[in-house]
Amino acid sequence: MPSAIHHLSLKQKLILFSLLPLLMTAILVLSQMYFLFMEYHNASRNHFAIQATTEINNALHQLNNEYQLSVAPQYSGSPQSLLLAQQNTSAALDKLLSSSALSALIDTDWQLKSGFKTHYQALKYKVQQLNEDSRNKSPSNSTLESYGQLSLQLLQLVELFQRQTTDIQQARSYTEVINLLKNHEFKQNNDNGTDYFLAPNEFSLPELEQLHTQVNAITTDMAHLSHNNQQRALRLLGLYLGLITLTTLVTLWLGHKIVRSFLDKISVIAKDMQRMAKDPSLNIYTQVPGSDELALMAQSLNRMIAERKRSNHALSLAATVFEYSSEGIMVTDANNRIKLVNRAFCQITGYSAEEVTGGSPSMLSSERHPPHFYTAMWDALQQRGSWEGEIWNKRKNGQVYPEYLAITVVRNPEGEIIQYIGLFRDISNRKQNEQKIWYQTNFDSLTGLPNRKLFNERLQHDIQNAQHEGCKLAVMQIDLDQFKYINDVQGHACGDQLLQQVARRLERLTDKQQFVARIGGDGFVMILPRITNELAIEHMANRICEALALPFELSQQQLHISASFGIGVYPEDGADVSTLSRNTEMAMYQAKGAGRNNFKYFTSGMNQRMHSRMQLEQRLRRAVVHNEFSLHYQPIVDMQTGEVNSVEALIRWQDPEFGMIPPEQFISIAEETGLIEPMGEWVLNQAMADLKEWQQSGLLLNLALNVSSRQCVNSRGIGFEQILAECFNRHKINPKNIHIEITESMLMGDATQGLSTLKAIRKLGSEIYMDDFGTGYSSLSYLKQFPISVIKIDRSFVENVLEDNSSANLVKAIVMMGQSLEMKLVAEGIETEAQWHFLQALGCHYGQGYWISKPLPFDELSELLHSKGSLLKVDTQLVACANS
């Protein structure tokens, strides 16, 4: 049955299910009609039974009359009366036996039929016997017995009617009838030894007539009740028949309407769904009127269509991403068999989709990973549901390549694995870039040596090994001497070649255990691990000196260079990377300070000097904040006229705790730390303020100011010439009254920037003095290239000019060079009259030194100049006066 329903069309199903209520109603009504019909049938049978009971009552009544006339002596009548009674009895019995009611009962009730047939022949026989005996005036005992048997059989027939009735009230009426009819029952009397039957209670004829009337009244009521039951059953049958007819018509009409409306809406939805199935790209909107379930279904269908469009778009986008993703994608089933790959997979691996579908991902294995690598991978997939990491796989052509692989496990709602999704990308370029970045991070691009970062890591590793093995190691920090000047003079390309050749020579000196690195600029460092004999350290130091002492072939010319380096030993000079490196660097600076081209071991005294230097730096910073500086001025005299032409401003530091600190102790620190910038600006403002005061007092002097190369590279991005111009404007000073003194180190730095700064200063109107000429890497090209007006001969040459011929010749050469270049000359450090006359005889233009005047504070120099005037006679008395 269910399978047959599945093959029905929707219309047939709707009709079928719409008729089901009608069918159920019909069954219910028909069952009720069946019960009514049975009630009607029972009522009809009861009616026939009542008619038969009435005829039985008549037959018994006639039988009792005949019996009374024929047997009872007190009721004996004429023969005609007896004959009439016999005829009436016979007629009543014949009527009973041939009555239509009894026949109907016998035909419709097999139990009654079977019970009645038992007495039918006996009744007929008894009737005939009674008819024969009735002709005799003295009936026999057999006749009397026949009367009794016939009466008994008729009562049993009534009792049979009672048992067949289903109506309780009718059954009670039958009981009354039976009780009354039993009064007609004949009984045997044996008085005086004579056997004969008597009517019960010896009823008289009137009494029997009364009983007959009572029975007829009861049967009449029973007949009336049976008739009413028949009519009620017929009315109910008619009512139910009309009801089922009306229900059928209404149900068919409503079913037709509902099915028709339902089918119309379903048809619209079905057609739209068929159109959408044929062409999923159609933009269909199903319109179904109303607000019933089908309208809601149509609305849901519209939402489903919209969601389907979005899903299709998302699927299309996902498919596009899957197909055109730059990452390879591989999908396998629960058995790890490849089901789907994308284009990037084929491009990366070299396999086509057909070649790998159904295969195992192990075909890509490079066999570079141990078994436990894959075991850990599968354990992660089972426990966490994902794994990612770098793996080496093999292409179709056999090339092994690195890839970054991410695998995700897909499970169904029951938690069972159904798929594995792997995403990977070829990281060969990334690996190369990482290697390149690692190399750039850890190696010097110029020399190819390890850089400071890798040196620190290697030193940390070697320190740990030395600590574990209980041995020593040595660190050598090497710095090339005067490399900056070589680089500037010969050019950066030449300097780079020199660094490369130095790196190669140092590499050739080391073995596999030793380590050499470039830590920046012209600095190199070497690690000597597992030192068992400290003589090996010095041996390596001598080898380095010998290797670097050999000439270098650079751009078809030979160049000699030396190096200074410090040596630190673990664990005496430091137990960690920072301390050991710092102390080794300190030893290197000590080697440079000792004259270069040598090496120094670190000592605790170096650390003490460095500590003192750090303390001095901290005090210097405090001095800048609290303005602990002052200016002293030293006159510069015209050696021909003795007139004070200008004064040089010299800074002094009056420390609250340590007193006067000379400039040579803190100027270099100020330049290294950048404190020279605020100090220099203070000097400019204070010196110009003093100059302005001198000018206002009538002293027409020029002022010489020392400028550091660090001041030309201002950290605030402001040029020195701009700061100088602001001071000129602030103090209303003519730039021609200011002389800017520079050192050769300023010219040896960034020549382009130095030239630009000096030209800007010269453009303002101030002259440029070359201070301490001859002490640095002197070059005539600088004198011609830079706008220098005056050369100052350093005091180191002047103090030995009378005792040392080389110093005298050098001074003469400088004077002659200045004269040939038409530059003025200033001799510093004149401390004797003989030095004065010697320099004056050479043609030196200006002189400066303690023989003339030591540096004096502003007030003391002002008093001296006002008392002596601007003209100072150069004699012993003047010297004594000036230095008192």
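How many helices and strands does the chain have? The chain has 30 helices and 24 strands, taken as DSSP runs (helices H or I, at least four residues; strands E, at least two) and numbered from the N terminus. The model is predicted: local features need pLDDT of at least 70, side-chain atom pairs count only at pLDDT 80 or more, and totals for chains, interfaces and linings use all residues. Residues are numbered from 1 along each chain as its sequence is written, and side-chain values use heavy atoms, with hydrogens and water left out.

Of the 884 residues, 44% count as buried (under 20% relative accessible area, 1.4 Å probe, protein chains only). Contacts are heavy atoms within 4.5 Å. Among those between residues at least 6 apart in sequence, 64% join residues at least 24 apart.

Lys 792 lies in strand β21 (residues 790-793). Its relative accessibility is 0%, so Lys 792 counts as buried. The Lys 792 side chain makes a polar contact with the side chain of Glu 828 at 3.2 Å. Another, of 3.1 Å, joins Lys 792 to the side chain of Gln 848. A polar contact here is a pair of N or O atoms within 3.5 Å; within protein, one must be able to donate a hydrogen and the other to accept it, and residues adjacent in sequence count only if both atoms are side-chain atoms. Beyond neighbours within four places in sequence, residues in contact with Lys 792 include Glu 648, Glu 741, Asp 771 and Asp 772.

Helices α15 (residues 483-490) and α16 (residues 492-509) have axes that come within 6 Å and cross at roughly 135°. The axes are lines fitted to C-alpha atoms over the stretch in contact, with angles from 0 to 180 degrees between N-to-C directions.

How values were computed. Buried means under 20% relative accessible area, exposed over 50%, partly exposed in between (1.4 Å probe, protein chains only).
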